[in-house]
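Q: I am new to this structure and would like to learn how to read its features one by one. Could you take me through them slowly?

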Amino acid sequence: MRDSRRPACQLYLISPLDVSGAFPDRLARALDAGPAAAFQFRVKDVDQHEAARLAEPLQRICADRDVAFIVNDSISLAKRLGADGVHLGQEDGDPREARSVLGPSAQVGVTCHGSRHLAMEAGEAGADYVAFGAFYPTTTKEARHRAEPPILSWWTTVFEIPCVAIGGITPGNAAPLIAAGADFIAACGAVWGGDEVAAMQAFAEVLKG
């Protein structure tokens, strides 16, 4: 049962790997169609100069709509861009390092898979949020780890740090994760794999409860 003292669950939008071409227009349409608290910039196999070039228009779109712009994996790119924060996988660095490089106001998130131990370690290291998943099969990235809704309930009962549910989440399957206590639900393929406006509107309805 969701703790009524916590803020309502919000959407955490993750970019597709290809953010070139018309993607900035798609992002603007998506953010105008339904509310998102944060947007994670996630690209692979491009150098930092190219990543920064791709990020800049997206960062402006987010700033204009008061959406936090979070860089995936790279503390140095987050610093270069002056991003709102960084999201770290287990192999991407330490939250303490991110905090020292990015400063006290940066949002630092950590992937914790389905592990209570990793989540508690992240919290102790100063993470601003932890991410659990994958909750559902996902085509966006290879999901070596699975998580179940009770970990969200456990976390939100014991800790104040927000948690993000990630992995294969759609408007059709998000409700159990929201009910279990997720502070944020992450969406990627469900939005960018089709009509982003319709998907964002559908997520907004689910989040309204």
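Q: Which cysteine sulfur is closest to the sulfur of Cys-9, and how far away is it?

A: A disulfide is counted when two cysteine sulfur atoms lie within 2.5 Å of each other. In this predicted model, the sulfur closest to that of Cys-9 belongs to Cys-163 and is 8.4 Å away, so the pair is too far apart for a bond. Cys-9 itself is buried, with a relative accessible area of 7%.

Q: How many disulfides does a search of the whole structure find?

A: When the whole structure is searched, the number of disulfides found is zero.

Q: How should I read backbone angles, and which residues have a positive phi although they are not glycine?

A: As a general idea, most residues other than glycine have a negative phi, and most peptide bonds are trans. Here Asp-45 has a positive phi of about 60 degrees, and Asp-73 has a positive phi of about 75 degrees.

Q: Where do Asp-45 and Asp-73 lie, and is each of them buried, partly exposed or exposed?

A: Asp-45 lies in the loop that runs between strand E2 (38-41) and helix H2 (48-64), and with 83% relative accessibility Asp-45 counts as exposed. Asp-73 lies in the loop between strand E3 (68-72) and helix H3 (75-81), and at 23% relative accessibility Asp-73 counts as partly exposed.

Q: Which residues does a cis peptide bond join?

A: The cis bond joins Gly-133 and Ala-134, with an omega of about 10 degrees. Ala-134 is found in the loop between strand E6 (129-133) and helix H6 (150-158).

Q: How many residues are in the largest nonpolar core, and which have the most contacts inside it?

A: The largest nonpolar core has 75 residues, and those with the most contacts inside it are Leu-27, Phe-39, Phe-41, Phe-69, Phe-132, Leu-152 and Ile-185. Helix H2 gives the largest share of this core, with seven residues.

Q: What does Phe-41 touch, leaving out residues up to four places away in sequence?

A: With those sequence neighbours set aside, the residues that Phe-41 touches include Ala-51, Leu-54, Ala-55 and Leu-58, and also Phe-69, Ile-70 and Val-71. Among the others are Ser-15, Val-19 and Leu-77.

Notes: Residues numbered from 1 in each chain as written. Predicted model: local features only at pLDDT ≥ 70, side-chain atom pairs only at ≥ 80, totals over all residues. Heavy atoms only, no water. Helix = DSSP H or I, 4+ residues; strand = E, 2+ residues; numbered from the N terminus. Buried < 20%, exposed > 50% of the residue type's maximum accessible area, 1.4 Å probe, protein only. Core = buried A, V, L, I, M, F, W, Y, C linked by side-chain atoms within 4.5 Å. Contact = heavy atoms within 4.5 Å.
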